[in-house]
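Please work through the exercises below with the sequence and the model at hand.

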Amino acid sequence: MHHPHLARVVELRVADKRVGSGYLLTDRLILTAYHVIAPDGTVRVRPVDALSCPPLTASRLWPAEPVDDHAHPEQDVALLLLDEPAGAPWPTHPLPGGAARFGEVTGGDRAPCHALGFPDAERRPDGDRDVMRLPGHVEPAQGSRFGMLTFYAGLQLRGERRWGGMSGGPLFGDDGLLLGTLVEDRNIALNSTMLRAVSVRTMLRLPGFRDVLHAHDVVPRISHELLELYLEAAVKEADDQPYAGVIGGRRPRLHEVHLRQQVRCLKDDEKGAEGHSGKRPPLVSSSLLLPADDVLTAGPACVVLAGPGGGKSSLLRTWLTEAAARRTAGDGTDPVPVPVLVPARALIGGDGKLAGGTFPAALAHAVGGEVWLELGRLFAGPPPGGGVWLVLVDGLDEILSARTRIQLLRHLTLLAGRNGAVPYRFVVATRPLPDGELDRLGTHIPRFDLLPFGREELPEVAYDWFTALGVADPRGSAARFIAEIQARDPLPELARTPLMAGLLCQLYARNPTGPLPAGRGEIYDEFVEQLRQHQAADDAAANVWEAALDLAGYIASERLARNDEPEEYDQSLDTLLESWPGQPPRGMTLRETVLRSGLLTDRAGELGFLQQTFLEYCAARYETKAPDECAKQVQQLFRKGWIRQRLARQAHPHWWGRRRWEPPAENRMSYAGFILDRLLNERINPAAEEVSKEMHRLTRRRTLAGCCFLAGQKRLGTALPDGVVQEVTASLRNIARITDGDRRKAYLRANPGEIVCPPGLDPTLGELHLATAQRDARVNAAEALHWLGDGEAADILAEIAETPYLTSSLWRAYAAAVLCELDDDRGVQLLHGLAADGWNLNKTRIEAAEALVHFGDERGVHQLDGYARDTRGFLPHERADALKALALLGHERSADVLHDFARDPDATPSLRNWSAQMLACIGDDRGAALLDAFAHDPAHGSRLRLIAATVLARVDQGRGAAVLAGLAEDRTLKRRHRRKAGAPPG
């Protein structure tokens, strides 16, 4: 038989000679229409091959109660159970076609399908009937209100009861999935060929139907073949893809060793502040800890940030497998978002254009595989069965070109801002990026800090690793492991990072009696040595592995070197591999060779390091292979870091010609740590003593940048000499110290009435003398002291936050926020005092109140709400800042306050427009209505009207497009704005 389901179609005969059709879900369970068998309970069942197979009997299994199929045709469904056959040649087990698979019609276009059954038209003179395959199509909208499918047959049959006998017959889509069961002939027009079927989706909602299927091992879910193929392939790829930091041998499954971390919300602050010279202190992250899974419900897009080895990629892979499992086992409730995990580099080319030209094509290209062309069509619309695509974008920071990163963020912003018009939800994982870059996603997009393990979680992490590695007595080994790392600074802090915890556990499991490495660089060295021992079984294999490591170092070094060159040099690792000047081992290609290192993998046809820190380690190893190369790195890191002080000669003549040391860029700190570890190793660098002298030089000059750089390196786990750490601590204490003279000067500035000015003294000189107590550097120095574990840091921060005029009010708020970060109870009370003090800058009060909310104090919400409504004490832009803070916090009050502000006639048009934009972006329908009104209001000006229409198009594509089209023809707009309104989006 050519049709895969033909052998499962059966003819049903009831005592009163009624005839219908049915479909074998299993070898004993039959799906049919209720009216075929009602009110009788026993039915004779005949297969298609009736000549060689005798009929069997079946009884009604479900529903147990009678059904009024005339009043409720959507309930006209029944399940029969075949009596136990005694040696009957049918049904066969397993049935042809495998397990029953259900589908549904999606989209608005007619869907080709066909039905099988035993109609009157196929009746022979002796009363027997033959089976008919009836082609046709389904109109999705018609009948959908009550869960029915309207099937238009492609044949017109003769006779008054031409369709009799088809009731209960199965209806299949062109993909072979069961769509429903035919139940009635809609004879509403001349020569009508319209039949009705109960859809599978409707059946699964009927009481008891799903339970019966479960009892007979039938999976009661809607199947979408291409989607299922994708999910199966994606989970397999995630499972098979090696993850960072696993030594060869038995590779534990990721879920066996992955401990779910927590997140907290961040606010990325802009630079500059009123009343403060220099860089504004950023407010730190919230102490309201959330499970990492809460990120998945954070609106149309969000960002997850973590440092090197912080667990971002592992978290995304875990989300992929879990979401795919939940989607595959869907239970008929709200559809689970369909996960799509892609590396950021694969979505966009160096020219800033999406791979494949469109976002669906870029997704398909990034996913890769044999069916990527079909996946492009799949990703272009909503997932079959409903829901959204949950796009997990990994490694945005691995795109070295800032211009390319910004272009990708612009593409994601357009897609995330259409309020459901495009079925995508984004989670972007990255290391911290330069200031302002992530603002391209929109200030309303939440950002989450992925937190390291708590110290109390480390025993559980170790136990999971030792269990997965097969270590005897994993609980006892975990206890001994924790005791050893607690005794070796800086391992207790390093082990809180997921990648480092995994590396340390594996190294300990392989040599429980040996000493653990002393720092981050030594951990990586030992890990690479273990890889070498595992892969280099003989001399030939050892030579191949050494060549692979050298090649990996070369392409890593070239990739990092491109970071300082023009944008067009942001090349893929495969392209960099082709520039290797040497030759691969005999019989191998360069690609095969570099993959032997165990530090790289093939992702959708493109080479990639398993973890960004492996790239940095390989680059550092390659750049310090020989003494002369080490000397070059010392010159690059320390001596070229001293630059001229750029200050006006007239204002500061005594400073002209002084030099200050400029630390590496933030995104180079981890790489600089690996370089330092290599340079301080006497076996690698004979001039290691000179490196220590250069670090001592930084600390003795007490430059804040140099001391904070070294403290940050200590925090990363770089093995700094003890003498350097002691000098850094002393220098930071000197910078952060508060003398009795400083306290006296700060008191006099706060109480000017107590100042006794000698006769003839210039008051300006007195003010300058008192101002010397105000040093903003104290806060950063105290924070760096905390990184070094200094117990005085919290007390210094508390005194700075509490005492006016020791620093500016913004830095006082930052000091209080850092105290909260250190879990010091004084921080929250100090923030509340700063927010309530009317003598502080309004900007300081707003920031302090916002930080107060971040750290879990509801008083901050009341304060922000009051500031946003205070028309006397706060300027309009300051009220807008308070309003923005409320909106970013996602508080329920924010929508009403934004709405009131947008309708406030006393506010400027730009602030009203901004409020409407924020209201629309947080999903409030009132925002779209206000934007529509502002776009048509000439009082808002040409530019603001265009902005309102553009934002409206992002949140409501159809409505916004109509408004933009109208503005393109509106002569009250300036010509350039009319041109922009008529330009295509993007």
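The model is predicted, so local features need pLDDT of at least 70 and side-chain atom pairs count only at pLDDT 80 or more, while totals for chains, interfaces and linings use all residues. Residues are numbered from 1 along each chain as its sequence is written, and side-chain values use heavy atoms, with hydrogens and water left out.

**Exercise 1.** Classify L930 by its accessibility and list its contacts.

Solution. Step 1: L930 lies in helix α36 (residues 925–935); helices are DSSP runs of H or I with at least four residues, numbered from the N terminus. Step 2: L930 counts as buried because its relative accessibility is 10%; buried means under 20% relative accessible area, exposed over 50%, and partly exposed in between, with a 1.4 Å probe and protein chains only. Step 3: leaving aside residues up to four places away in sequence, L930 touches H899, A902, R903, A916 and L919, where contact means heavy atoms within 4.5 Å. Step 4: a distance of 8.6 Å separates the C-alpha atoms of L930 and Q917, which are 13 residues apart along the chain.

**Exercise 2.** Determine which elements the buried residues of α11 pack against.

Solution. Step 1: in helix α11 (residues 458–468), the buried residues are L458, V461, A462, D464, W465, F466 and A468. Step 2: their packing partners are α5 (254–257), α12 (474–486), α13 (491–494) and α14 (498–510). Step 3: after α11 comes G470, with a positive phi near 75°.

**Exercise 3.** Locate K974 and classify its accessibility.

Solution. Step 1: K974 sits in the loop between α38 (957–968) and α39 (975–982). Step 2: K974 counts as partly exposed because its relative accessibility is 46%.

Note on methods
Helix = DSSP H or I, 4+ residues; strand = E, 2+ residues; numbered from the N terminus.
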